[in-house]
Structure formats: C-alpha cells, structure tokens
Amino acid sequence: MKANWKYILSWLIMIIAGFYLINILIMVGVIDSFIENMLVMIGINIILATGLNLIIGFSGQFSLGHAGFMAIGAYTTAIITQHFDSELGFIISLIVGIVLASIIALIVGTATFIRLKGDYLAIATLGVAEIIRNIINNLKITGGSAGMFNIPPLSSWPTVYIMVCLTTIVLLNFIRSRNGRAIKAVREDELAAEAMGINTTKWKVEAFILGGATAAIAGSMQAAYVQTISPSNFGIMESISILVIVVLGGVGSMTGTFLAAIVLGILDTVLQNFGALRMVIYAIALILIMLFKPSGLLGNWEFSFKKIIPTNKKERD
Amino acid sequence: MQTFLQQIINALSLGSIYALLALGYSMVYGIIKLINFAHGDIYMLGAFTAYFVINIWHFNFITALLAAMVISALSGVLIEYFAYRPLRKSPRIAVLITAIGVSFLLENGMSYLVGSNARSFPQVIAQVNYSMGGILISNIQILILGIALILMVLLQLIIKKTKMGRAMRAVSVDPDAAELVGINVNQTISFTFALGSALAGAAGILIGMYYNSIDPLMGMTPGIKAFVAAVLGGIGSVPGAAFGGFLIGILETLFQSVGLSAYKDAVVYLVLIIILLFLPAGIFGKNIKEKV
C-alpha cells in the first residue's frame, strides 16, 4: 500500500485537474453548451463501454444485451424522479436502478452462463434485452412506445464526470483484485481455470452483474440529462454502438475504451449533419477494424503512471 | 374452429417465410459456425431487388423471383469473400462482430441510398381471395407456401444427391479432413452462402407480396426470429429449420389471435432462451459433447 500512494496521488491530481480544466473552459466560454452536451454524451458512453469491456474483454463473455440494463436504469430514474423531484430522489433512483439491474443480471447470468458461451450467449443476451424492451414498450407506468417526457434535469456534467471517475475506479480495482485475476483466467482457458479450483460461473456472473450495474448508472444519467426517453433508444442498435466503442478501443483495454469513446463522440458531433451516412461510416469502420486490426486501437495496452514514474525497486536496482 | 383454421393458414404463410430464412442461417452456421447477422439484410436486398425490377423493367413474378434470388446469392458470396473469408482463422467473436458490421452496413447503406421510409410493394400478381367453408385463403398465401415447399425440396435434393451437396456435408463435419480428401473448401463455403442467400432473396419478394410494404430495416427482426427458428429445429438440419420456421410462425400468430400481439416478440425471444438452455441441440439436431 505504501508503495502505491504515488500513483494514487497522481490519479487523484489528474481527476481534480480534469474537473477544473473543464470548469475553467466553460467559464471562459471555450466550451459552449453544444460541446458540453458532447462531453456529457462521451462520459455516458465511457460508463457504458467500460462496463461492457469488463464483460467482453476481461471475462470473455459476449453480451449483446447491454442496452437492456441501460433501459432499466433510465426508466427507474424517470419514474422515481417524476414523483420525488430532488437530488435525493435522483440518488435513490440511481441506487434502485443499480439494484434492479443487478438482480436481473444475476438471474440472467446464472441461467445462461452455466450452459452457453460464445455466439449462443450473444443471442441469448440480445433476447433478454429485447424482452426487457418489449415489456417496457407495453407497460402503462413507462409511457408505452411514446416514452417519458419532462424528466427533471437532475444530472449535469459534474455529476456525469464524478460517476465516470467512480465507475472506472471500481471497475479497475475489480480487474486488479483477486476476483479480476480469476475472471481473466476464465477468459484465457475456462477448463484450465476450473481445474485450478476457480468457480467459473460465479466469477463470470459477478463480472456480468458489475457490467449491468454500470449500464444502469449510465441509463440514469442519460434519462436525467436528456430528459426524454423512449423504448426505441434502447434497441439492438444501442447495444451495437456500445460494442463498437469497446471493439474500436481494444477488447481488454480500459484506456482504449476511453480513447474510442472520445474519438467516436467527436466524430459523432462532426458527422451530425450527414444523417444516414454517419451510420454507414460507422459500419465500414467496424468491418475495417475487424479485418485489419482485430485487437482494436490499443489492443490490451493500459495507461499507467507506473510506467512513467519509476518504482522504488527500480531506483534501487 | 373456423378462426383457428384461419389462424393456421396465416401462420403457415408467415412460417414458410421464416423457414426459408432459417435454412440459410442453419446452413451457414453448420458449415463455418457463424451466426450470419447479415442474413436478414440479404432478405431485405432480395425484396428491394424485386421492387426495382418490377417497377422499372416490369418483370413478371417468376423473373422477379429469379432476379431477387440471383442478386441475393451474389451479394451473399461477395460478403463471404470480402468480410468473412479473411477472418477464417480468427477468433469467432471477431467474425461475429464483422457480421454485425456487415448487417449494419447493408441496413444503413440502403437507408442512405433509397431513404428509410417504407415503400409499398407493387402488386405483381393481383390478390384473389378464395373462401372455403368460411376460411379465407388468398392466392398469395398459396403461392408463398407452394414456392417455399418447392425450394425446400430442391434444397434437400441438392444437399443429399449432388456432388456439391456431399462436399457441403463433408466440410460441415470436418473442414480439415474434407480438404485432405480433395474438396475445395472455399468454393464449397461460397456455394453454401449462395444457396442460403438465394433462399433469403426468395423470402424477401414473398414477404413483399404478403405485407405489401418494404423498408431498409425490415430484415432485422425477422432475421433474429429466423435464427430462433433454426436453433429450435436444430442448427445444421434442413428439415429442422423448416419445422422451426413453421413453429415460430404458428406461435406468433397464436399469440396475436389471443390478443397478446404486443408481446409476440418477447415470446419468441423467451422461446429462444428456453430452447438454448434446455435443448441446445434443437429438436432435430445432434448433441455434441465438449472434449478436453
């Protein structure tokens, strides 16, 4: 622990510096409301994609149902904050959303991970997300296919910034813990991991729950920021666009996910006037990355202060 | 009883479309173990090909059907050649993501080229309704069922009786061993894609005539449902895919007729998950155990 304080401090300084940098840029007027909107969307996409990267990149399970968990968070926030229009209501809705998403992830995970893997698992999770969407589409409390409007604007860029930092810290610590090493062992070779005494299903489900919970957080953020949601926002397309971020950045690299979310967020804003052509470019990019660089932009490389600041051990050497 | 029979008639027409699509999924999965996400979009391409050749060159039904099948087969072969073949040795997730990319490209490319609005499909054969003991059957419904059955029998003959069919079966059992005995694996896979895509193209023109409406995103949901049908019947099995298609069609129509049409998609997905969990080899499939 003692040896780590340097890196923890470096990260803390970076987080605080990033916050004040954005704050100053907004005050000076460099960041107008248009760019601020882009930054918030990038932040939400980072939360979503890092969660999905945990499931796909680190535990090696292919999930195509991320938008379903996002929908749970978004609708929980929308319903609760319409009755309790306050900061406290938002926090309660955030927690309820996380709990709901975790319970559903636990049920879905335990049911499917024991028997399915690879592309069958992808199709099953896609099915779960579509069932969630279909149910939301038909309930009265969720406003049916028209969706919900006038959700209180309880989330702004600082909230999203803090949540991005918090979820990333939780996810990275999970990956570097004993549990994280267990899920990576499962990813590399499930049979070998099982032979070493790792309860493979348990760790896979745990990664799935954590990913689902972060998706719910992102959904809550989006609902409270955009203020309108409808079931069509959480379809297959949404799951795929989160997948594109993960794949572009590098399956198994959180740094890559950050980079890809930022690059795609800027590209999205620039290409906004092109309409359908934007999605064509998206699709071609996805195919070309898979054909020529299937490991993504950064592969599984991670940014780390340990590589920049030499450790004490190295100094002694 | 009357309404029940009427629903069965409707279910059979819808089911034959799903069956035609499911056959393509089943064959492709059987031979290269890939869920070809773009398959539903090839069905959309078939529908649009028929739409354009009928509207611009005034093709009749048979020639339009053939045109749709040829164009679909060609695009299937091209997609396999450019997008899937270079990844033959990559992990399966990479190929699956490429398939999603191709599907995305076809959907959005089509939306970009022709607009995303739904278009009404030209009535190439005037609809005639026959009434038999209170049950309404249109000539289109008979046509759909007839053409689907003819194509399925043809496919079964190709797979069971021809040299190419034998090569397909050999490659799906063991590609390396097939190559060793002198089978051109690449050519066989291309042929499989051509066959499957041609069936999807035929399904496209048939659904256009049945629903009278086509749009660039029409392939998405039927594509996934057809995959459910293929899994239900047992992936890799032709009679299984046909059976699964009819079963999904019947299930969907039944839910619609009891007033739960809003939940019909959820039911199909629920069936999928239950089948995957408890009967992963499907009704007609063979169970393969994992070996260390």
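Here are some friendly notes on this two-chain model, point by point.

1. **Ground rules.** This is a predicted model, in which local features need pLDDT of at least 70, side-chain atom pairs count only at pLDDT 80 or more, and totals for chains, interfaces and linings use all residues. Residues are numbered from 1 along each chain as its sequence is written, while chains are lettered from A and ligands numbered from 1 in the order in which they are written.

2. **Chain A, overall.** Chain A has 14 helices and 0 strands. Helices (H or I, at least four residues) and strands (E, at least two) are DSSP runs, numbered from the N terminus. The radius of gyration of chain A is 20 Å, which agrees with the value near 20 Å for a compact globule of 317 residues. That radius is taken over C-alpha atoms, and the globule rule is 2.2 Å times the number of residues to the power 0.38. Along the principal axes, the C-alpha atoms of chain A fill a box of roughly 65 × 55 × 40 Å.

3. **Burial and contacts in chain A.** Of the 317 residues in chain A, 45% count as buried. Here a residue is buried if 20 or more other C-beta atoms lie within 10 Å of its own, exposed if 12 or fewer, and partly exposed in between, with C-beta atoms placed from the backbone. Among the contacts in chain A with a separation of 6 or more, 82% join residues 24 or more positions apart. Two residues are in contact if their C-beta atoms, placed from the backbone, lie within 7 Å.

4. **A helix pair to look at.** In chain A, the axes of helix H3 (residues 66-83) and helix H5 (residues 118-138) come within 8 Å and cross at roughly 30°, which makes H3(A) roughly parallel to H5(A). The axes are lines fitted to C-alpha atoms, for helices over the stretch in contact, and angles run from 0 to 180 degrees between N-to-C directions. Angles under 35 degrees count as roughly parallel, over 145 as roughly antiparallel, 65 to 115 as roughly perpendicular and the rest as oblique. On the H3(A) side the contact is made by Ala67(A), Gly68(A), Ala71(A), Ile72(A) and Tyr75(A), and on the H5(A) side by Val128(A), Ala129(A), Ile132(A), Arg133(A) and Ile136(A). By class, this contact has 8 nonpolar, 1 polar and 1 charged residues. Ala, Val, Leu, Ile, Met, Phe, Trp, Tyr, Cys and Pro count as nonpolar, Asp, Glu, Lys and Arg as charged, and the others, Gly among them, as polar.

5. **Where the chains meet.** In the interface, 35 residues of chain A are in contact with 35 residues of chain B. Helix H4 (87-113), H5, helix H10 (236-249) and helix H12 (276-292) of chain A each supply at least two residues of the side that touches chain B. H5(A) gives the largest share of that side, 13 residues. The residues on the chain A side divide into 27 nonpolar, 5 polar and 3 charged.

6. **Helix H9 of chain A and what follows.** The 27 residues of H9(A) (residues 200-226) should span 39 Å at 1.5 Å a residue, and the end C-alpha atoms are 39 Å apart, which agrees. The expected span is 1.5 Å times one less than the number of residues. H9(A) is mostly covered, with 23 of its 27 residues buried. Gln227(A) comes next, in the loop between H9 and H10 of chain A. Gln227(A) has a positive phi of about 75° although it is not a glycine. With 16 C-beta neighbours inside 10 Å, Gln227(A) counts as partly exposed.

7. **Helix H11 of chain A.** The buried residues of H11(A) include Met254(A), Phe258(A) and Leu264(A). What covers the buried residues of H11(A) includes helix H2 (33-58), helix H6 (157-175) and H10 of chain A.

8. **Chain B.** Chain B has 11 helices and 4 strands. Its radius of gyration is 19 Å, close to the 19 Å that the globule rule gives for 292 residues, so chain B is as compact as a globular protein of that length. Buried residues make up 52% of the 292 residues in chain B.

9. **A loop residue in chain B.** Lys33(B) lies in the loop between helix H1 (2-32) and helix H2 (39-57) of chain B. Lys33(B) has a positive phi of about 55° although it is not a glycine.
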